Structures are given as structure tokens and as C-alpha cells.
Amino acid sequence: MERIGKWNVARRYEKRSLLIAVNCVAALSIFFFGYDQGVMGGVNTNRNYAETMGFGHWDDASGLVVIDKTLLQGGIVAVYYLPGTLYGCFLGGWFGDKYGRINTIFVASIWAIVGATLQCSAQNANWMFCARVLNGIGTGILNAITPVWATETAEHTSRGQFVAIE
């Protein structure tokens with residue numbers, strides 16, 4: 001136990017409780033992929049967002065956002081997946097093998113937080129494109145590494161459960 005760091009969860013949990021803690025962290029990590037889809041679905045129909053990004057305007061008669069540039073709107077959504085998460089998955093596998101799963105999850109989490117912060121502060125479409133790619137890379141790394149980490153730490157009798165929960 002001397003080699004285990006002071007803040008390591010292995011000091012607090014053992015056996016089954018440690019595996020449940022690992023699974024909760026893994027499930028939360030994978031949750032962000034779907035969460036982004038849900039949030040962007042709501043944001044894309046917001047009046048201020050459509051006008052700020054320059055792909056739509058507010059129609060007073062109908063009380064709805066009218067999309068003038070559907071390609072721009074779709075591009076902002078899609079750039080998260082390609083090249084964002086795709087490159088993130090490739091990068092995550094390499095980084096995870098070189099530096100370890102836990103370090104990779106830590107770096108990817110920070111990366112995704114920075115990407116999300118840039119998305120929240122975006123003032124134009126170009127800024128949003130860059131922020132979505134960065135956030136996608138962080139999420140892609142998490143999606144590539146987290147299931148591997150969870151299954152490596154699980155007992156052989158519960159691996160299927162762990163992966164299914166994620």
C-alpha cells in the first residue's frame with residue numbers, strides 16, 4: 001500500500017466497492033457523449049444561439065427560429081463527431097498504451113472541460129467549430145479508453161455487466 005498515492009481510491013475501497021466506484025466513473029465518462037447530443041439539440045433551436053452563430057433568425061410572426069444556413073448549423077453539430085471524436089478515439093488508444101489508462105482519462109477529462117468551456121463562450125461559428133472539434137477529441141479519448149479501463153479492472157464474472165452499464 002505504500003506505493004499507492006494518498007488520494008487513490010484503492011485506499012478507501014476494496015474488492016466489490018472499488019469495482020462499483022470504477023464503474024460509476026466509467027459510466028459518467030461515457031454519459032457525456034450522449035449528453036452533448038441532447039444539449040446541442042436544444043441549443044440549436046435557441047434564438048440567441050442561431051443569431052450569434054449566423055445560421056438563423058427569429059421570425060416574430062411564427063415565434064420560431066428560421067434556419068437560413070442549414071449547412072452551417074449541421075456542420076457545427078457534425079464536426080464534433082468527425083473529425084472530433086474519431087481522431088480522439090485514435091489518439092486515445094495510442095495515448096492510453098503509452099501513458100496508462102488513468103492518466104489518459106485524466107488528460108481527456110481536462111481536455112473535454114476546456115473544449116466545453118470554449119463552446120460555452122463561443123461568439124461566432126468559427127470559434128464554435130474549433131471548440132466542438134476540441135471537445136470531440138476529449139470525448140473520443142474518453143470513449144476509447146474508459147470501457148477498456150473498466151473491463152481491465154473488473155472481475156471476469158462481472159465484465160459483461162460493466163460494459164453493458166456503460
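This report describes a helix contact, the nonpolar cores and the aromatic pairs of a predicted model.

Residues are numbered from 1 along each chain as its sequence is written. Local features need pLDDT of at least 70 and side-chain atom pairs count only at pLDDT 80 or more, while totals for chains, interfaces and linings use all residues; side-chain values use heavy atoms, with hydrogens and water left out.

The largest nonpolar core has 10 residues: M40, Y49, A50, M53, F55, V65, I76, A122, A125 and M128. Such a core is a set of buried Ala, Val, Leu, Ile, Met, Phe, Trp, Tyr and Cys residues joined through side-chain atoms within 4.5 Å. Buried means under 20% relative accessible area, exposed over 50%, and partly exposed in between (1.4 Å probe, protein chains only). Helix α2 (47–53) gives the largest share of this core, three residues. Apart from it lies another core of eight residues, including A108, I141, I145 and W149.

There are six aromatic pairs in the model. Rings of Phe, Tyr and Trp (its six-membered ring) pair if their centres lie within 6.5 Å; planes under 30 degrees apart are stacked, over 60 edge-to-face and the rest tilted. Two of the pairs are tabulated.

| Pair | Centre to centre | Angle between planes | Class |
|---|---|---|---|
| Y49 and F55 | 5.6 Å | 70 degrees | edge-to-face |
| F95 and Y99 | 4.6 Å | 45 degrees | tilted |

Y49 is buried because its relative accessibility is 9%, and F55 is buried at 0%. F95, at 21% relative accessibility, is partly exposed, as is Y99 at 40%. W94, F95 and Y99 form one aromatic cluster.

Methods
Helices (H or I, at least four residues) and strands (E, at least two) are DSSP runs, numbered from the N terminus.
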